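Open the model in your viewer and show the side chains.

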Amino acid sequence: GLDENTIVMFSSDNGATFSAPVDVAFFNSVSGMRGKKMDLYEGGIRVPFIARWPGKIKAGSQSDMVSVQYDMLATFSAITGDLVQHTDGISILPTLLGKEQKEQHPYLYFEYPENGGQVAVRMGDWKGVRKNIIKDPRAAWELYNLSTDPQEKNNIASLHQEIIDQFN
C-alpha cells in the first residue's frame, strides 16, 4: 500500500541527447522542437514532468504551466509543510492538486556556456535566445512567440524591439 501514499515525480534536466546510439528522429524525442541537449531552444530545455499521487493528483490531468527544476524545493517544502526560505523556486503544488496557481515566474533565465555561449529568457509566451556570446558579447537576440511558433522557426525580433529591450 506504500504506492497509495507516495508522490512519484519524473522529469529531466535537459532535452534529448544528440549523440549515438540514440535515434532522436525515430523516437521523436523533441516532438518537432528545435534543438537538443546543450541548446537553449525548446528541444534542448523543454522536458516532460509526470507526477502520480493517488487521491491528490487527478489521474490523466494535464497542465501547461511553465516550471523549472529549482521549483521542486519549494514544492517539496509546501508538500511537507516545512517552509523553506530564500529560494528562487515557486511551489507548483496548487497546479499538481488542480487548483489555481497564483504564483508564477515573471521570467525564466537560462545560461549555457557550451556551443559558443548561450543565454535565453522566457517571459510568458515570449522567448529570447542569444548565441555565440563568448565571441560576440553583443550578439543579437532572436525572439519567438511560443504560443504561435513552438518550433522556434520564425525569428520576429525585428518586429518587437520593446520585448528585446526588456531582455536587456
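**Charges over the whole chain.** Colour the charged side chains. The chain carries 16 positive and 21 negative ones, and the centres of the two sets lie 3 Å apart. Lys and Arg count as positive, Asp and Glu as negative; His and the chain ends are not counted. Each charge is placed at NZ of Lys, CZ of Arg, CG of Asp or CD of Glu.

**Ground rules.** This is a predicted model, in which local features need pLDDT of at least 70 and side-chain atom pairs count only at pLDDT 80 or more, while totals for chains, interfaces and linings use all residues. Residues are numbered from 1 along each chain as its sequence is written, and side-chain values use heavy atoms, with hydrogens and water left out.

**The overall layout.** Switch to cartoon. The chain has 5 helices and 6 strands. Their order from the N terminus is β-α-α-β-α-α-β-β-β-β-α. Helices (H or I, at least four residues) and strands (E, at least two) are DSSP runs, numbered from the N terminus. Along the principal axes, the C-alpha atoms fill a box of roughly 55 × 40 × 30 Å. Of the 168 residues, 35% are buried. Buried means under 20% relative accessible area, exposed over 50%, and partly exposed in between (1.4 Å probe, protein chains only).

**Stop 1: E42.** E42 forms a salt bridge with R122, with the closest N and O atoms 4.0 Å apart. A salt bridge here is a side-chain nitrogen of Lys or Arg within 4 Å of a carboxyl oxygen of Asp or Glu. What does the E42 and R122 pair tie together? E42 lies in helix 2 (residues 42–45) and R122 in strand 4 (residues 118–123), so the pair joins parts 80 residues apart in sequence. Both E42 and R122 are buried.

Now look at K127. K127 also forms a salt bridge with E42, at 2.8 Å between the closest N and O atoms. K127 sits in strand 5 (residues 126–131), so this pair ties helix 2 to a part 85 residues away in sequence. K127 is buried too.

**Stop 2: K131 and E142.** Select this pair next. Their side chains meet in a salt bridge, 3.4 Å from N to O. K131 is in strand 5 and E142 in strand 6 (residues 142–145), 11 residues apart. K131 is partly exposed, at 30% relative accessible area. E142 is buried, at 13%. The whole structure holds 7 salt bridges.

**Stop 3: the nonpolar core.** Select V119, V121, M123, I133, A139, W141, L143, I156, A157, I163, I164 and F167. These 12 residues make up the largest nonpolar core. Such a core is a set of buried Ala, Val, Leu, Ile, Met, Phe, Trp, Tyr and Cys residues joined through side-chain atoms within 4.5 Å. Strand 4 and helix 5 (161–167) are the elements giving two or more residues to this core. A second, separate core of 9 residues includes V68, F110, A120 and Y144.

**Stop 4: two loop residues.** Select M38, in the loop between helix 1 (24–27) and helix 2. Its phi is near 80°, a positive value in a residue other than glycine. Finish at N132, in the loop between strand 5 and strand 6. N132 is not a glycine either, yet has a positive phi of about 55°. N132 is partly exposed, at 43% relative accessibility.
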